[in-house]
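Biologist: Could you walk me through this one slowly? I would like to learn what the words mean as we go.

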Amino acid sequence: SAFIHTTSLLELAIPKGVTVIEPFTFAETYNLTSITLPDSVTAIGNGAFNNARSLTTFTFPKNVTTISEGLFQSAQSLTSVIYASGSAITTVSAFAFNSASSLHQITIPASVTTIGDYAFQDASLLESVYFSGSIAPTVGIQVFQRVKSGAKAYIQTGATGFEPIDGLWKGLVVAPATTAPTAPTIGTATAISPTSASISFTAPTSNGGATIETYTATSTPGS
């Protein structure tokens with residue numbers, strides 16, 4: 001717990017060669033916004049970032065296999081969780097993201113087999129949980145209690161173990177995984193001036209499961 005309660009710590013890069021982050025090392029480092037861990041890290045102890053209120057993004061090194069108990073509990077600014085290439089997380093422990101109240105979405109890697117009790121309880125803005133695997137993990141009690149109303153579990157085609165009861169699986173609405181949208185139907189371009197034109201198009205028949213917010217048009221003059 002070397003940095004616990006340290007309010008002056010804003011950013012930190014852990015040097016190569018470090019293998020373990022001990023429990024509660026960065027707990028209640030209220031102003032820590034960014035930390036980088038090397039691939040040499042294989043274990044991160046319980047509650048290491050508990051109540052790290054300003055931490056926004058975290059990348060798991062590829063050799064870490066367990067998201068430990070209470071790791072990001074009450075990390076109120078956490079919005080992005082990334083897994084390094086080659087990552088093989090198998091366990092999301094109890095209370096891991098409990099009360100991570102800014103987390104809107106998260107991916108559960110295919111390698112995950114267990115999600116512990118209360119892991120995402122009170123992550124009140126969590127609305128999208130993407131399950132990458134073909135088999136549902138074992139899920140503890142009240143894991144998704146009091147997440148955002150209507151939150152969805154996006155699952156892969158043919159995935160098993162996600163059968164809903166009364167329309168819900170573990171409190172989540174089951175939905176197919178999002179995919180790339182189909183192409184729009186392009187109409188004829190009409191010149192407006194030497195440097196601009198208008199063009200009509202019909203929106204894609206499939207949006208891939210998510211709202212398409214913008215379109216970008218490119219041109220090759222003279223072609």
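Modeller: Let us start with "buried": a residue is buried under 20% relative accessible area, exposed over 50%, and partly exposed in between, using a 1.4 Å probe and protein chains only. By that rule, buried residues make up 33% of the 223 residues in the protein chain. This is a predicted model, where local features need pLDDT of at least 70 and side-chain atom pairs count only at pLDDT 80 or more, while totals for chains, interfaces and linings use all residues. Residues are numbered from 1 along each chain as its sequence is written, and side-chain values use heavy atoms, with hydrogens and water left out.

Biologist: How do you know how many helices and strands the protein chain has?

Modeller: They are DSSP runs, numbered from the N terminus: helices are H or I with at least four residues, strands are E with at least two. Counting such runs gives zero helices and 16 strands in the protein chain.

Biologist: What makes β9 and β11 a pair?

Modeller: Two strands pair if DSSP finds at least two bridges between them. Strand β9 (residues 105-108) and strand β11 (residues 128-131) are joined by four bridges, so they meet that rule, and they run parallel. One of the links is between Ile108 and its bridge partner in β11, Phe131. On to the next pair: β11 and β13 (residues 152-155) are parallel too, with three bridges, and Tyr130 has Tyr154 as its bridge partner in β13.

Biologist: Why are β6 and β12 called edge strands?

Modeller: They belong to an open sheet of four strands, in the order β6-β8-β10-β12, with parallel pairing. The strands β6 (66-67) and β12 (138-139) each pair on one side only, and they are the edges. At the β12 end, two bridges join it to strand β10 (residues 114-115), and Ile115 has Val139 as its bridge partner.

Biologist: What makes a space a cavity, and how many of 30 Å³ or more are there?

Modeller: On a 1 Å grid over the protein atoms alone, a cavity is a set of points where a 1.4 Å probe fits but cannot get out. Lining residues have an atom within 4 Å of a point; among them are Ile108, Phe131, Gly133 and Phe162.

Biologist: How do the lining residues divide into nonpolar, polar and charged?

Modeller: Ala, Val, Leu, Ile, Met, Phe, Trp, Tyr, Cys and Pro count as nonpolar, Asp, Glu, Lys and Arg as charged, and the others, Gly among them, as polar. The lining has eight nonpolar residues, one polar and no charged.

Notes
On a 1 Å grid over the protein atoms alone, a cavity is a set of points where a 1.4 Å probe fits but cannot get out, and a pocket is an open set with protein on both sides within 12 Å along at least five of seven lines; lining residues have an atom within 4 Å of a point.
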